[in-house]
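Please read this report with the sequence and the model side by side, and look up each residue as it is named.

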Amino acid sequence: MAALHERNGCALQGAVALLQAVDGVVPVLHANAGCGAALGRGRPLPSTALLEKQVVFGGTSRLREQLKNAVQVQAGTLFGVLAGCVPEVIGDDVPAMLKEAREQRFPAFSVAVPGFGGHGWSGHAAAARALLEHAALAAPSPEAVPADVNLLGLVPGLDPDWEADLDEVAAVLAEAGLVARRLAGEGTAAWQAAARSRASLVLSPWGETAADWLEREHRVLRVDLGWRPVGSADAALLLERLGEALALDDARVQGAAARLHARQRRALQAAAERGWLAALPERFAVAAPSATAVGLVRFVAGTLGLEPTAVVVTDQPPPERRPALEAAAGVPLHYGAGSDEVATLLAAAGFDILLASALEAPVAADAGVPLVEVATPLERRPLVRSHAGVRGALALVEDLLAAPAKRR
């Protein structure tokens, strides 16, 4: 489990990151003191800070006390109680305690996200599902802007450029006249209004749980892409799938796709005329979460024509999702999370450039090739750098060209 959490965090971490990214929601940790110190990172994070006494006698009374304190010092309209390892081990009945709080008109819900139960991606999925279900508990707020499509599966805290990526996906939808509801990064009103959207677009395996709930409970259509779209080909595919699901006019969808293709083609032709594309490396390898890895491979191999020699997926997607990811990538996928495991999987392949996280810097150094950071954790790269959509794909080409040549 330590190797899994090295890059992917624990379930509690993923849940905290999502709730912190929603305006009006206050995460409250029901966990030991170490979790609060590790996850707060300088930001106010109410925590029960459970000690030996609570381990022996239970921690629900401590949680009741902390909730009363939190509402007095934290500005929020909804409080999400995140139960970590200790309360799950000792059997605290957190849902019963929160039911009692709601009966007293206190806007709170709970999510069980013990670190031993999963990683940050699964914690995000559980928190997103719970937040959708309980968003109505929040105090009424101004009506959210009407939207057509919920965006689900890009993960704050683990997808390094989730905000910029959401903006780029929203820009793709706007080409066809569709309005996106980003959810992550928006306020509780957006989450309340998600049930009134026409569709939910699933951009990774970690958006499935929320999309399934919206479809089952509110008949919001689920449209499954499954990866982060990079470049005009994937942007056109995304619009095609949404167009079929929402019965959009074909000319509207095809016109939007044509504009995206033309925009990318003009930029790449200009680069080719200047001789820049000739400087691209011939072979590449990837070590990244599933949605990132698949999107990158589809663009770098399918559009730029580079040869993928190894693709390592690091977020441990559910086994039932893997065949679809492998079919979309068009190349074999390997699965690993710990640095040693990923390094071993990459070692057998030869490549001229590596698209991965800062954890793979030693692998790139040993191979004498440049590293382009595309996944968490990051060490050296722009603060905000989306690789989604057409603009993101062109930014990726810039990153590939800016990387130093392979050492001979």
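Leaving aside its neighbours within four places in sequence, which residues is Val220 in contact with? They are Asn150, Ala194, Ala195, Ser197, Arg198, Ala199, Ser200, Leu214 and Glu215, where contact means heavy atoms within 4.5 Å.

This is a predicted model, in which local features need pLDDT of at least 70 and side-chain atom pairs count only at pLDDT 80 or more, while totals for chains, interfaces and linings use all residues. Residues are numbered from 1 along each chain as its sequence is written, and side-chain values use heavy atoms, with hydrogens and water left out.

**Two buried residues**

Val220 lies in the loop between α11 (208-218) and β7 (221-224); here helices (H or I, at least four residues) and strands (E, at least two) are DSSP runs, numbered from the N terminus. Because its relative accessible area is 1%, Val220 counts as buried, a word that means under 20% relative accessible area, with exposed meaning over 50% and partly exposed in between (1.4 Å probe, protein chains only). Between Val220 and Glu379 there are 159 residues in sequence and 39 Å in space, C-alpha to C-alpha.

His124, which is found in helix α8 (residues 120-134), is also buried, because its relative accessibility is 5%. Apart from neighbours within four places in sequence, His124 is in contact with residues including Gly14, Leu154 and Trp206.

**Cysteines**

Cys85 itself is partly exposed, because its relative accessibility is 29%.

**Charges over rings**

A charge sits over a ring if NZ of Lys or CZ of Arg is within 6 Å of the ring centre and within 35 degrees of the ring normal, and the table lists two cases.

| Charged end | Ring | Distance from ring centre |
|---|---|---|
| Arg274 | Trp276 | 5.4 Å |
| Arg322 | Tyr335 | 4.1 Å |

**A pair of helices**

Helix α5 (residues 60-73) packs against helix α7 (residues 94-103) at an angle of about 35 degrees, and their axes are 10 Å apart; axes are lines fitted to C-alpha atoms, for helices over the stretch in contact, and angles run from 0 to 180 degrees between N-to-C directions. Where these helices meet, Thr60, Leu63, Arg64 and Leu67 belong to α5, whereas Val94, Met97, Leu98 and Glu100 belong to α7.
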